Amino acid sequence: MVSGPFERGRSRPADPTALKILVAGAFGVGKTTLVGAVSDIKTLQTEESLTEAGRPVDDIRAVSGKRSTTVAMDFGRITISDSVIVYLFGTPGQERFRFLWDELARGALGALILVDTRRLADSFSVVDFFETRGLPFAVAVNCFDGAIRYPPEQVRRALDLDEDVPVMLCDARERASARDALVAVVEHALHRSARQRSAVS
């Protein structure tokens, strides 16, 4: 006799919805740190040491303490709720690996853009990437130790973001803070999708 939660006559719980989110940003903004802090599983990382050979193409003056860099992607997974699982794909930060972003973005619901206010100009090309492709995104200001903490609305104006783009402060080292930022991406992307469906119906 079959017993338990799947006995005859009872409905089987629905499988959770799997979503894909990119964690993107310029070189050294904390993408690998965020994925590692929030992931429920051991993260897949493609870190390689920075060497003298890469100095002509990798400007590390603003991140002098950085000793390694992502050369393909970071991968992690977080369960947002019983019904939603998010797969995280962290992008490489250097311009020379930007060609990988289009492939990583394939099938993504949206993106979380991490920014460093000490190097905000580095984030314009990242914002342009997602705006050009019409992929929803939220912006999280990674609160580095010693960096001035500007109000989110000031960052929005500096990056010339639309009013509906979520902008928030975040500590990429803290799981709860990183999770909140990812939830903001999911909610924003789903709300935008619902508005678009409503507009065409």
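This is a predicted model: local features need pLDDT of at least 70, side-chain atom pairs count only at pLDDT 80 or more; totals for chains, interfaces and linings use all residues.
Me: What makes the group around Leu182 a nonpolar core?

Reply: A nonpolar core is a set of buried residues such as Leu and Val, joined through side-chain atoms within 4.5 Å. The largest such set has 27 residues, and Leu34, Val86, Leu112 and Leu182 touch the most other members. Elements giving two or more residues to this core include β1, α1, β3 and α5. The largest share, 7 residues, comes from α5. Apart from this core lies another, of 24 residues, among them Leu159 and Leu161.

Me: How do you know that β6 and β7 pair?

Reply: Pairing needs at least two bridges; β6 and β7, which run parallel, are joined by 4, so they count as paired. Valine 139 stands opposite valine 167 in β7. From β6 the chain crosses through helix α4 (residues 152–159) to β7, a right-handed β-α-β crossover.

Me: Why can we say that the buried residues of α4 line one face of the helix?

Reply: Val155, Arg156 and Leu159 are buried in α4. Seen down the helix axis, the buried residues fall within an arc of 105 degrees, so they line one face. Their cover includes β5, α3, β6 and β7. Just after α4, aspartate 160 takes a positive phi of about 55 degrees.

Terms used: Residues are numbered from 1 along each chain as its sequence is written. Side-chain values use heavy atoms; hydrogens and water are left out. Buried means under 20% relative accessible area, exposed over 50%, partly exposed in between (1.4 Å probe, protein chains only). A crossover is right-handed if, with the strands pointing away from the viewer, the path from the first strand over the helix to the second runs clockwise. The arc is that of the directions from the helix axis to the C-beta atoms. Contact means heavy atoms within 4.5 Å.
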